[in-house]
Amino acid sequence: MCEKLEYEGKNIEEIIEKIENELNLKKEQIIITKIEEKGGLFKGKKVIAQIIKKDDLKNYIKEFFKNLEKYMSIQINCEIKEENNIYNVMLVSDNNAILIGKDGKNLDAIQTIIRTIIKRITNNVVSINVDASNYKAKKINNLEHEIKKIIDEVLKTKIDAKLDPMNSYERMIVHNYVSKYNKLITESIGEEPNRYIIIKYKED
């Protein structure tokens, strides 16, 4: 489990200085998960901060996938890249079919579980994305390629296009991609898991 360390000081700058001196860590090597101010009219104000070492969080994520490896009876290699508190986890397995699942459902479920755990540990300060053998990256490229063809058709005919149902992640990609076109708008309709997007031509 990730150990949460608590520090207090007059301000967050003083706390960071304490951490740097006591733990020999730079600000970029820690995650501040909680900041509280205490004190009042008759007491001097102080700041209390909870922190986690980024290395500890990475090790926790790796341990999660080591345990998953046992449960799924497959080998899973885990590579983690972090930037601005966004953790991109790339998995490589000796059985990608099981790890990814039909239409990526196993991978989506794994990501949901680890996101929920990390959100609880870090108070939603950290974001985590999980991919396996670039499955999602390839899927995004294929999706954008298909959407580009539909966009060209809508721009040409000015007729709305109803897309197949998609998960929330895929819909976000479509919304973002279509938003680049001034003449088009998107609308999400329906309930999960059958929620879908309509790409509409926007009249002047």
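Start by selecting Ser73, the residue that follows helix α2 and has a positive phi, near 55°. Helices (H or I, at least four residues) and strands (E, at least two) are DSSP runs, numbered from the N terminus. The model is predicted, so local features need pLDDT of at least 70 and side-chain atom pairs count only at pLDDT 80 or more, while totals for chains, interfaces and linings use all residues. Residues are numbered from 1 along each chain as its sequence is written, and side-chain values use heavy atoms, without hydrogens and water.

Next, select residues 54-72. This is α2, with 19 residues. From first C-alpha to last, α2 reaches 27 Å, close to the 27 Å expected at 1.5 Å a residue (that is, 1.5 Å times one less than the number of residues).

Now show the side chains of α2. Its buried residues (under 20% relative accessible area, 1.4 Å probe, protein chains only) include Leu57, Tyr60, Ile61 and Phe64. The buried residues of α2 pack against β2, β3, β4, β5, α4 and β6.

Colour Leu57, Ile61, Phe65 and Ile118: they have the most contacts inside the largest nonpolar core, which has 27 residues. Such a core is a set of buried Ala, Val, Leu, Ile, Met, Phe, Trp, Tyr and Cys residues joined through side-chain atoms within 4.5 Å. Apart from this core lies another, of 15 residues, including Met166 and Tyr201.

Finish at Ser188, in strand β8 (residues 184-189). Ser188 is in contact with Arg171, Tyr196 and Ile197, among others beyond four places in sequence.

Conventions
Buried < 20%, exposed > 50% of the residue type's maximum accessible area, 1.4 Å probe, protein only. Contact = heavy atoms within 4.5 Å.
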